[in-house]
Amino acid sequence: MSTILGKFKITKKVFQNGDFYIFGASPIQPYSKELKLNKYFSITLKGDLSYLSEGKEYELEVEELSTDSYGTSYKVVACPSMACEDLEHLTREESLEILKEITTESQATNLVDAYENFIWLALSDRSQIDVKNIYNVGEYRLNAYIRDLTIKYKYLGIMNKLKDWKVDISDCKSLLDFYGEEKEISKAFKEDPYKVNIEILKRNFEYSDKLIMEYRKDLEHSEVRCAYLILSVLQRNEIDGDSKLDANCLYNYILEEYTIAKELEDLIVPTVTTSDLFHYDEEEQTVASMSTYMAECKIADFIKDKIENSTKLDFEWTKYKECRDGILTEEQQNILKTFCESNIVIVDSKGGTGKSASTRALLDMLDDNNMTYSLLAPTGRVAKVLKELTNRPASTIHKACLKNAEEGLWSDVFIIEEGSMIGIDLMCMLINTIANPNARIVVNMDLGQIAPISCGCPMRDIINSGIVPICKLTKVFRYGEGGLYKMATDAYDKKFYLPNGWETEDRISVGVNKDYTFVRYDGTVEQVIEEYKKFINKGYKASDIAVITPWNVTELGTINLNNQIQAIVNPRNTDNVIEKTIRKYKVKFKIGDQILNTKNNYNVLTLDGYMALQSDSMLTKEDVPTSMCMNGEIGKITDIDNGNIIAQFDEEILVFDKGMQNDLLLGYSLTSYKLQGSSVPYVISLVTPEFAKSLDKNIIYTDMSRTKKEIVEIIDPTTLANAICIDSIQERQTNLLKLLIS
């Protein structure tokens, strides 16, 4: 698409969310007739436009984005009028003129009074600036000035030079962070445009390829083009969980799905077998991305090292067979014994087999023998459960690794909960951060649960390799009660577990405590809501009830069910709401609602940070305190202020701006993946025809094992019969098992 160069006056800031802006801009005569002006004789600019100021005039190169009822929107490709000049030798007057664009005249004067060459120092050597020398400027404000100058003159300079590659300000920041120097960025685009666009800027292959072909026709029939096409297919395969792909399937898929394959067909085989981007297993005739294969190699080497260099601990583990939970079974005691004998042990336990008691006994033994330990979990919900279970601090793996990235993790023991949820990427993150070479590893898991969302299935492969000591807990203490625990155990064993009489009855409750209820599915959403109301009418709190369903979409998906439940538990009518459209459904967030965070967010405003931003308009999120909120964490909305959601997540109060609100859902109904690893007293789960393609024994068993007190399963018996036979965790295709036993 062609671009248009012209002069514009920024007339109005229409919208801002973080670094995303919408501006109204009026063209200055003479301007191109190609510009599509709205009824106000202006255009709309959208994008990362933090370098533009209301009321100022700029020379801009713009490209059409879209046209709607409000007119045509444009993105800024370059801003030639703000090309980086000789900033090292500015006069005082020139410095003041530039600084007055980002602050007040008095503040600009203070900056130049303290450092005549402030702008040059801010861009080249910040260490020479001492904030104590600048009147009425604190550290946060100084950071804001330096950031604004960096955007206007360093990032924008890169954007102007690379306008053909459609980079924006955030792209420029990523490029500079990775390459360090501007000249290296230009060199990289020239020498390896596929790597820059796809690996560094995280653009998809289709977009990147179209862009590259405009300027590099010499790469049309090249190994590098073919390699990144193949890599894009493997990455899609990894999204489905497999870390490798049959080579013939890969070849046929590319020929069938890509029109450009005809140009590259003769290169596919030699590229797969020779490129450094891939690992080709000639014996199996499978292909994996080299980065994923090397990650599996790292895991295999770590596990083998733990086994080969195991040391024995001279602990009197038998002292701990009697604990606060009673007397441990022989299977539970074996965990303590094996821990003393090996640097790594995996505890594979079904629900209701006493894993909690074993963990507490192990921790008592560690405390008495002065061993340090870290309690880690794959999600925030699991970490919270682990903390409550042990009455000790627990963290997500992500948080622990990020907080200790520089110095590493030095605990004597790492106890990892819900290991079956951990994929290759998270496993490698932990391995890379563990700094203590003698650390012992304990992994608690349940192989019957659903496979990791991310690529691979490390714990399954480690168990199947037979090289690591496995402690199994098989005795389900409450199986004989004939209710929830019996049904969950039978589901684990792939048995069709419906209670006697299911052929003729539409509702059956069984168990000593009537803690399992079968309800025949009647095809309506109302049936689910009525079951929810029954729990509410018994006096149970909404936070103690969860409706579990495999998907977010469809009438029986979490989004619609959350809306229906919200009308029951939080029906208040108020104008102070946040309304969004999520997958075609209108969703309202109200004060008092339970909410679910669906993405790992590492930069969420704390309430203190939010208040600081309100008190000083010059500050941005980069200047004030932030925190992390992990995927799966559940909070409660305490306030809605100026379009921002303020919510309590455990001990922290966090503020979600408009951008981050896209990662929030109401938290009354959750998918099986979001609830995995934690538990609630009362559960309603769905095994219905709508979800037949997604259901398997692992999801059904996982949903049942989330229940503390009572479960109601709404079931179509035919769907259950088909799903209970499928064990998806054993179907994933990976390289790790072969690496472990080789």
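Which residues of α14 are buried?

## Helix α14

The buried residues of α14 are Lys 355, Ala 357, Ser 358, Thr 359, Arg 360, Ala 361, Leu 362, Leu 363, Asp 364, Met 365 and Leu 366, where buried means under 20% relative accessible area, exposed over 50% and partly exposed in between (1.4 Å probe, protein chains only). The helix is thus mostly covered, with eleven of its 14 residues buried. Helices (H or I, at least four residues) are DSSP runs numbered from the N terminus.

## Basis of the model

This is a predicted model, in which local features need pLDDT of at least 70 and side-chain atom pairs count only at pLDDT 80 or more, while totals for chains, interfaces and linings use all residues. Residues are numbered from 1 along each chain as its sequence is written, and side-chain values use heavy atoms, leaving out hydrogens and water.

## Helices α7 and α9

The axes of α7 (residues 193-200) and α9 (residues 223-239) come within 10 Å and cross at roughly 15°. The two helices are therefore roughly parallel to each other, a label for angles under 35 degrees. Their contact (heavy atoms within 4.5 Å) is made by Tyr 194, Lys 195, Ile 198 and Glu 199 of α7 and Val 224, Arg 225 and Tyr 228 of α9.

Note on methods. Axes are lines fitted to C-alpha atoms, for helices over the stretch in contact, and angles run from 0 to 180 degrees between N-to-C directions. Angles under 35 degrees count as roughly parallel, over 145 as roughly antiparallel, 65 to 115 as roughly perpendicular and the rest as oblique.
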